[in-house]
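Hello,

Here is the structure I promised to pass on to you. Please have a look at it first, and then read on for what turned up.

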Amino acid sequence: SLLSFICKPTKGEISFNGICNKKIDLETKQSIVIVPQNPYLLKRTVFDNIAYGLKLRNDTYNLKEKVHEALILVGLDTSFANRKWSQLSGGESQRVALAARLILKPKVLILDEFTTGLSYTDKKELTSLLKMLKNKYNKTIILLTKDTNYAYPISDTVHILRLTKLVKSGGKELFR
């Protein structure tokens with residue numbers, strides 16, 4: 001929540017691109033999105049869940065096309081748009097939550113324990129998807145995870161925390 005500027009620090013400050021959190025404008029804050037461990041989906045259709053953020057921003061031009069592009073980007077068929085939130089598996093829910101963030105065209109994507117509770121197949125597919133996003137769209141992705149097998153193939157830099165303290169920081173060689 002601090003990294004995505006949802007919450008303000010109780011002490012100290014956070015900088016993004018050299019700008020203090022107290023001076024960051026709304027547009028910059030909106031360019032940083034978070035997908036929580038448990039995807040919070042509205043009790044509506046997949047379409048409504050994915051379109052929600054754009055509707056809040058009054059960006060509804062070509063909304064159906066944008067939602068369909070987001071579904072395809074996360075590996076779901078466009079027919080998913082008509083499904084209800086309650087008809088989704090855990091992996092599908094995570095993909096819909098991710099599509100709802102990606103449709104906003106963020107510069108920074110924060111994933112909090114994104115693969116918790118997902119099957120091996122879902123984890124593998126989502127890892128491939130994140131690699132593609134990072135490489136094709138040059139996204140900054142921050143993974144908060146205990147699953148180093150999942151983090152390793154995606155990461156350029158790794159920071160290991162223990163009880164909120166930075167223990168180790170560096171490249172992929174930390175996992176070797």
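Let me start with the pockets. Three elements, β5 (140-144), α6 (148-151) and β6 (158-162), each supply at least two residues of the lining of the largest pocket. Of these, β5 gives the most, with five residues. Please keep in mind as you browse that this is a predicted model.

How much space lies in the largest pocket? The volume comes to about 1,000 Å³. The lining is made up of 22 residues, and the closest to the centre of the pocket are Ile142, Leu143, Leu144, Val158 and His159. Sorted by class, the lining of the largest pocket has eleven nonpolar, six polar and five charged residues.

The second largest pocket has a volume of about 540 Å³. Its lining counts 19 residues, with Val33, Gly53, Arg57, Arg101 and Leu104 lying nearest the centre. Here α1 (26-30), β3 (32-35), α2 (46-56) and α4 (90-102) each bring at least two residues to the lining, and α2 gives the most, with four. By class, this second lining has twelve nonpolar, four polar and three charged residues.

Now to the charged pairs. Side chains of opposite charge can pair when their charged atoms come close. How many salt bridges does the structure hold? There are six, and I will walk you through some of them.

One of them joins the side chains of Asp156 and Lys134, at 3.2 Å from N to O. This pair links distant parts of the chain, since Asp156 sits in the loop between α6 and β6 while Lys134 belongs to helix α5 (residues 120-137), 22 residues apart. Is Asp156 buried or exposed? With a relative accessibility of 53%, Asp156 counts as exposed, because the cut-off for that class is over 50%.

Another salt bridge brings together the side chains of Asp59 and Lys66, at 2.9 Å from N to O. Both partners are partly exposed: Asp59 has a relative accessible area of 31%, and Lys66 has one of 23%.

A further salt bridge is formed by the side chains of Lys55 and Asp48, at 3.8 Å from N to O. Lys55 counts as partly exposed at 39% relative accessibility, and Asp48 is partly exposed as well, with a relative accessible area of 24%.

I hope this helps you find your way around. Do write back with any questions.

Best wishes

Key:
Residues are numbered from 1 along each chain as its sequence is written. This is a predicted model: local features need pLDDT of at least 70, side-chain atom pairs count only at pLDDT 80 or more; totals for chains, interfaces and linings use all residues. Side-chain values use heavy atoms; hydrogens and water are left out. On a 1 Å grid over the protein atoms alone, a cavity is a set of points where a 1.4 Å probe fits but cannot get out, and a pocket is an open set with protein on both sides within 12 Å along at least five of seven lines; lining residues have an atom within 4 Å of a point. Grid points are joined across faces, edges and corners, and a volume is the space filled by probe spheres set on the points. Ala, Val, Leu, Ile, Met, Phe, Trp, Tyr, Cys and Pro count as nonpolar, Asp, Glu, Lys and Arg as charged, and the others, Gly among them, as polar. A salt bridge is a side-chain nitrogen of Lys or Arg within 4 Å of a carboxyl oxygen of Asp or Glu. Buried means under 20% relative accessible area, exposed over 50%, partly exposed in between (1.4 Å probe, protein chains only).
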